[in-house]
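Student: I have a model open and would like to go through it with you. Could we begin with the ligand surroundings?
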Amino acid sequence: MTRVVAQGTFDLLHPGHVHYLEDAAARGDELHAIVARRTNVTHKPAPVLCARQRRDMVAALDAVDEAHLGDPGDVFVPIERLDPDVIVLGFDQHHDEADIADALAGRGIDCRVERASGREPKYEDELLSSGDIVDRILRERGGEADADRD
Ligand SMILES: Cc1cc2nc3c(=O)[nH]c(=O)nc-3n(C[C@H](O)[C@H](O)[C@H](O)COP(=O)(O)O)c2cc1C
Ligand SMILES: Nc1ncnc2c1ncn2[C@@H]1O[C@H](COP(=O)(O)OP(=O)(O)OP(=O)(O)O)[C@@H](O)[C@H]1O
């Protein structure tokens, strides 16, 4: 039984997310997805949807066996609990494979780190970015932010 872990923000699901999770699932027998906490999304605007809603939507995808809320503090806590055989990084994720492999080795976790493929738009105007979807909503509908959500 090969256990695979994928992770990400997964705000406003789109076909790029489905591609990533299907690619990750194809690398083993059981796919667990970890959904990032809002406070850990620091390299881009915070997600619009709360962590639980993002987790529930990811869990509903066919490729995913189980989806989990990420740890708010130490991102290796869910990895230690799940004890995967493979962690699959997204094609454009900023994490460095070697750094993660070192951190895993330092905690005594025996796990490969692989990189998923990307998905190009299949038709004109297909939006494969949560940020692009938000930008379009703001352009076409306008809106106000509620900074108090998780
Ligand atoms: C192996 C691994 C485990 C992670 N576990 C968590 C976690 O438990 N909690 C969390 O908030 N973020 C976790 N993250 C971070 C996010 O999934 C993600 O990399 C980042 O915060 C959001 O950026 P992205 O969706 O653009 O990749 C983890 C990342 C990696 C590589
Ligand atoms: N077009 C795509 N092809 C393959 N994987 C993708 C694609 N878009 C996103 N992913 C993957 O899905 C995972 C979660 O991505 P994330 O939640 O950051 O979505 P995003 O839409 O890329 O975000 P944003 O556009 O706001 O930066 C990441 O591992 C990312 O690499």
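Student: How many residues surround ligand 2, and which are the closest?

Tutor: Ligand 2 is surrounded by 19 residues, and the closest are G8, G16, G90, S129 and G131. A residue is near a molecule if its C-beta atom, placed from the backbone, lies within 6 Å of it. This is a predicted model, in which local features need pLDDT of at least 70 and side-chain atom pairs count only at pLDDT 80 or more, while totals for chains, interfaces and linings use all residues. Residues are numbered from 1 along each chain as its sequence is written, and chains are lettered from A and ligands numbered from 1 in the order in which they are written.

Student: Which helix gives the most to that shell?

Tutor: Helix α1 does, with four residues. Both α1 and α5 (130-141) supply at least two residues each. Helices (H or I, at least four residues) and strands (E, at least two) are DSSP runs, numbered from the N terminus.

Student: How does the shell divide into nonpolar, polar and charged?

Tutor: There are four nonpolar, eleven polar and four charged residues. Ala, Val, Leu, Ile, Met, Phe, Trp, Tyr, Cys and Pro count as nonpolar, Asp, Glu, Lys and Arg as charged, and the others, Gly among them, as polar.

Student: Which residues does the UniProt "binding site" annotation cover?

Tutor: The unreviewed UniProt entry lists T9, F10, H14, P15, G16, H17 and D92. Positions follow the numbering used here, feature names are shortened, and annotations may be inferred rather than shown by experiment.

Student: Where is H14, then? And why does H14 count as partly exposed?

Tutor: H14 lies in the loop between β1 (3-8) and α1 (15-25). It is partly exposed because 17 other C-beta atoms lie within 10 Å; the cut-offs are 20 or more for buried, 12 or fewer for exposed, and partly exposed in between, with C-beta atoms placed from the backbone.

Student: What is H14 in contact with, beyond four places in sequence?

Tutor: H14 is in contact with L127, L128, S130 and I133, where contact requires C-beta atoms, placed from the backbone, within 7 Å.

Student: And what does P15 touch?

Tutor: Apart from residues up to four places away in sequence, P15 touches R119, E126 and L128. P15 is found in helix α1 and is partly exposed, with 13 C-beta neighbours inside 10 Å.

Student: Changing topic: how many residues of α4 are buried?

Tutor: The count is zero among the ten residues of α4 (residues 97-106). Just after α4, G108 takes a positive phi of about 75 degrees.

Key
Contact = placed C-beta atoms within 7 Å.
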